[in-house]
Amino acid sequence: MLKNFLGQIGWFVIVGCAAAATHWAIAVACVAWAGLAPLVANVIGWLVAFVVSFAGHYRLTFRHQHAPLLRAAVRFFMVSALGFAINEISYAILLQATRIRYDILLALVLIGIAGMTFILGRYWAFRRSH
């Protein structure tokens with residue numbers, strides 16, 4: 001059981017880093033190349049990263065939990081949306097309250113949401129039983 005849990009943590013970190021890097025890169029590219037406001041770019045980054053995150057967590061992190069695909073997708077979208085709401089609110093406040101660059105702030109906020117995502121993913125979104 002501990003081996004399984006540690007394996008989940010490992011995959012969660014790998015998939016989470018891939019999704020966070022996707023989120024960050026898309027958001028920064030939207031600001032730099034498309035001239036979008038950071039908060040708008042953040043929404044686009046999150047939507048693209050959701051696909052990376054769900055696919056990786058369903059196929060790798062939580063695969064042994066055998067959750068039905070559609071139910072897991074809906075639940076994980078809810079988890080991700082909650083995390084994103086917290087992300088966007090925190091990001092908006094920090095953009096106004098600090099002089100830290102928008103790209104650095106976004107990276108810090110993304111890291112802060114990861115723990116909540118793991119707990120809700122493991123014990124609710126990807127849980128097999130109702």
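# Close-up views of the model

**View 1. Phe50 and Phe54, a ring pair inside helix 2.** F50 and F54 are both buried; here, buried stands for a relative accessible area under 20%, exposed for over 50%, and partly exposed for anything in between, using a 1.4 Å probe and protein chains only. What you're looking at is a predicted model, where local features need a pLDDT of at least 70 and side-chain atom pairs count only at pLDDT 80 or more, while totals for chains, interfaces and linings use all residues. Residue numbers start from 1 along each chain as its sequence is written, and side-chain values use heavy atoms, with hydrogens and water left out. F50 and F54 sit four residues apart in helix 2, about one turn of the helix. Helices are DSSP runs of H or I with at least four residues, strands are runs of E with at least two, and the numbering goes from the N terminus.

**View 2. Aromatic rings, two by two and as a cluster.** A pair of aromatic rings is described by the distance of the centres and the angle of the planes. Phe, Tyr and Trp rings (the six-membered one for Trp) pair when their centres lie within 6.5 Å; planes under 30 degrees apart are called stacked, over 60 edge-to-face, and the rest tilted. By that count, the structure has 14 aromatic pairs. One of them is F50 with F54: the ring centres are 6.2 Å apart and the planes meet at 20°, so this pair goes down as stacked. For F62 and F118 the centres are 5.9 Å apart and the planes are at 35°, so that pair is tilted. This second pair ties together distant parts of the chain, with F62 in the loop between helix 2 and helix 3 and F118 in helix 4, 56 residues apart. Both F62 and F118 are buried. Ring pairs also join up into a cluster, whose members include F5, F12, W46, F50, F54, Y58 and F62, along with F76, F77, F84, F118 and F126.

**View 3. Helix 4 and its kink.** Helix 4 covers residues 102–125 and has a kink of about 30° centred on A114. The bend at a residue is the angle between two fitted axes, one for the seven residues ending there and one for the seven starting there. Among the buried residues of helix 4 are L105, L106, V109, L110, I113 and F118. D103, T117 and R122 are on that buried list too. The cover over these buried residues includes helix 1 (2–34), helix 2 (38–61) and helix 3 (69–97).

**View 4. The D103–R101 salt bridge.** A search through the whole structure turns up one salt bridge, meaning a side-chain nitrogen of Lys or Arg within 4 Å of a carboxyl oxygen of Asp or Glu. The side chains of D103 and R101 meet in a salt bridge at 2.6 Å, N to O. D103 is buried, with a relative accessible area of 11%, whereas R101 counts as exposed at 53%.

View 5. N42 belongs to helix 2 and is buried at 0% relative accessibility.

**View 6. V15 in helix 1.** V15 counts as buried at 5% relative accessibility. Not counting residues up to four places away in sequence, V15 touches V52, S53, G56, H57, L60 and T61. L39 comes 24 residues along the chain from V15, and their C-alpha atoms are separated by 24 Å.

**View 7. Two loop residues, H66 and I100.** H66 lies in the loop between helix 2 and helix 3 and has a positive phi of about 50° despite not being a glycine. At 52% relative accessibility, H66 is exposed. I100 is in the loop between helix 3 and helix 4 and is partly exposed at 40%.

Key:
Contact means heavy atoms within 4.5 Å.
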